[in-house]
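I open this notebook to record what I looked up about aromatic rings and the nonpolar core.

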Amino acid sequence: MTDNEILTSIRNGSYQEAFRSIVDNYSERLYHHVRKFLCSHEETDDLLQDIFIKVWHSLPSFRGESQLFTWLYRIATNEALNHLRKMKIRSALRFESLEAVQAEMIDSDPWFDGDEVEKLLSKAIASLPEKQRAVFLLRYYDDMEYGQISQILGTSEGALKASYHIARKKIEQFLSEKDGSFFKPPAE
């Protein structure tokens, strides 16, 4: 089903059909999006289930004021950020930093299929504050325009551009400190 057909199903009250198509069409994309935040296959799998439960419960109230894609990414991004906040609290209770916990998750995850460069980039991204991380992931990996990111995060395009610029600089600094000067995110 296309997004328009899914929207028609939602308007007609065919929620099961719409939901099935959403899961079929968006599971893989949302998995990869959330995985960039959480750095763990197991954590991502668990959270993806929660995201789809939230989508299921929210379908009747979806008014179609934004694109289906944008709505789903908003839910997934908010859930990922909420999960990161919970992880940060749990790690603080163990006297560890979230950055260190996520670096360990990256190193020990048997499902991580990147090379050392990708691991280093993942660790650099994990070191970013959550808003900068979200902007960087949506812009760099999902190749979204600032207008779309603005709808997902509810932030002005100007603020997003500034956040992306700052995130790029922090990642470049992290990588140069870790002898990763071989990577430079694209300039804006």
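Are Phe62 and Trp71 buried or exposed? The model I am reading is predicted, and in it I find that Phe62 is buried, as is Trp71.

Entry on ring pairs. I looked up the aromatic pairs and noted that the structure holds 7 of them. In one, Phe19 and Trp56, the ring centres lie 5.3 Å apart with the planes at 70°, and because planes over 60 degrees apart count as edge-to-face, I record this pair as edge-to-face. I then checked where the partners sit: Phe19 belongs to helix H2 (residues 15–38) and Trp56 to helix H3 (residues 41–58), so that the pair links distant parts of the chain, 37 residues apart. Trp56 is partly exposed, at a relative accessible area of 33%. Phe62 and Trp71 also form an aromatic pair, which is tilted, with 4.4 Å from centre to centre and 40° between the planes.

Entry on clusters and charges. I found Phe136, Tyr140, Tyr141 and Tyr164 together in one aromatic cluster. Over the face of Tyr141 lies Lys36, at 4.3 Å from the ring centre, and Arg139 lies over the face of Tyr146, at 4.5 Å from the ring centre.

Entry on the core. The largest nonpolar core has 51 residues, of which Ile22 and Leu68 touch the most other members. Several helices each supply at least two residues of this core, including H2, H3 and helix H9 (157–177), while H4 gives the most, with 11 residues. Leaving aside neighbours within four places in sequence, I list among the contacts of Ile22 the residues Ile6, Phe52, Leu68 and Leu72.

Definitions and conventions:
Residues numbered from 1 in each chain as written. Predicted model: local features only at pLDDT ≥ 70, side-chain atom pairs only at ≥ 80, totals over all residues. Heavy atoms only, no water. Phe/Tyr/Trp six-rings, centres within 6.5 Å; stacked < 30°, edge-to-face > 60°. Helix = DSSP H or I, 4+ residues; strand = E, 2+ residues; numbered from the N terminus. Buried < 20%, exposed > 50% of the residue type's maximum accessible area, 1.4 Å probe, protein only. Lys NZ or Arg CZ within 6 Å of the ring centre and 35° of its normal. Core = buried A, V, L, I, M, F, W, Y, C linked by side-chain atoms within 4.5 Å. Contact = heavy atoms within 4.5 Å.
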